[in-house]
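Hi,

Here is the structure I promised to pass on.

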Amino acid sequence: MTTVRELVESTAAIVGDRNHARWLVEVAVSADPLDEVLDDEVTERMVAHLDVMVGRYRTGEPLQYVLGRWAFRHLDLFVDERVLIPRPETEEVAGIAVEFARAVDGERTVIDLGTGSGAIGLSLATELPLDGTSIWMTDVSSDALAVAQANLAGIGRPARNVTIIQSRWFDDVPQELQADVIVSNPPYIAANSEAVDRSVDRHEPAIALYSGVDGLDAIREIIENAGNYLKSNGTLVLEIGFDQADAARGLLTQHGFIDIEIRQDVFGNDRIAIGRWRSHAV
Ligand SMILES: C[S@@+](CC[C@H](N)C(=O)[O-])C[C@H]1O[C@@H](n2cnc3c(N)ncnc32)[C@H](O)[C@@H]1O
């Protein structure tokens with residue numbers, strides 16, 4: 001007989017990372033937390049499932065896709081190769097959007113553009129008050145939207161506040177929609193960038209990564225149009241590339257945003273651009 005503990009040991013020896021081994025075994029034996037079942041006997045079916053996952057992992061497939069899930073703020077998201085793997089810096093972007101939306105008096109509407117797995121929009125839905133919150137999540141990719149829909153199904157009651165639509169940026173967002181906060185983690189890597197990790201380029205969807213020759217096509221288009229969908233004093237929160245702060249600040253200024261701020265991620269890189277839509281009365 002083989003125990004879960006022994007399976008973790010043998011998997012760690014193969015994959016070379018104890019945490020990764022534990023997470024893989026956790027999924028294979030469907031136990032979370034693993035500590036409670038370490039002395040349990042494993043079944044052939046669990047071992048077969050683990051073998052498949054370890055095989056995929058060893059080909060260089062990202063751990064998150066192999067596991068089929070990844071943690072983002074308070075969520076446990078389903079992820080596969082149809083969506084970007086949610087990143088820690090985006091947790092900060094979502095947190096900033098939550099704070100701006102929470103500060104709104106009365107009912108609040110938020111749009112998450114390019115929602116992918118739904119990481120940002122579903123965080124907003126689950127962290128903001130159930131009453132008076134309206135979240136719109138968009139993506140151009142029907143593959144991504146299928147994943148976002150699956151994740152929406154997992155959040156329970158806050159799901160009632162969420163509308164998911166397919167739209168190329170603002171193209172199919174209802175014209176009358178006026179948001180308090182628009183948030184996006186758009187694709188922002190230059191098309192021919194050589195700085196992209198091979199595993200990212202090979203496994204994550206190109207549409208989620210690349211955006212024109214300078215990486216700024218999506219950011220430009222969002223900033224150019226966001227004012228049409230923001231209430232007076234509404235806020236635009238954008239994740240940007242570490243070298244795009246000047247460009248983002250320039251675009252925000254050019255298109256009428258005020259109180260522009262660039263915030264850093266935990267590594268000290270400029271990664272979040274924020275602008276307030278000037279009051280129409282000004
Ligand atoms: C960097 S990913 C972000 C995904 C998710 N919001 C996150 O933070 O993990 C960018 C997303 O924008 C979507 N996207 C790319 N081009 C788009 C477009 N023209 N209109 C709407 N969404 C687009 C991609 O499909 C992808 O899901």
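A quick definition to begin with: two strands pair if DSSP finds at least two bridges between them. Strands (E, at least two residues) and helices (H or I, at least four) are DSSP runs, numbered from the N terminus. Keep in mind that this is a predicted model, where local features need pLDDT of at least 70, side-chain atom pairs count only at pLDDT 80 or more, and totals for chains, interfaces and linings use all residues. Residue numbers start from 1 along each chain as its sequence is written.

On to the sheet. Strand β3 (108-113) pairs with β4 (133-139) in the parallel sense, over six bridges, and Thr 109 sits opposite Ser 134 in β4. Both strands belong to an open sheet of seven, ordered β5-β4-β3-β6-β7-β9-β8, with mixed pairing. At the edges are β5 (162-166) and β8 (257-264), each with a single partner strand, so one side of each has no neighbour in the sheet.

Then there are two helices, α1 (residues 4-15) and α2 (residues 18-28), which pack at about 130° with axes 8 Å apart. Axes here are lines fitted to C-alpha atoms, for helices over the stretch in contact, and angles run from 0 to 180 degrees between N-to-C directions. α1 and α2 are therefore oblique to each other (under 35 degrees is roughly parallel, over 145 roughly antiparallel, 65 to 115 roughly perpendicular, and the rest oblique).

Finally, the domains: the assignment, automatic or from a database, gives domain 1 (4-59) and domain 2 (81-277). Their C-alpha centres lie 35 Å apart.

Cheers
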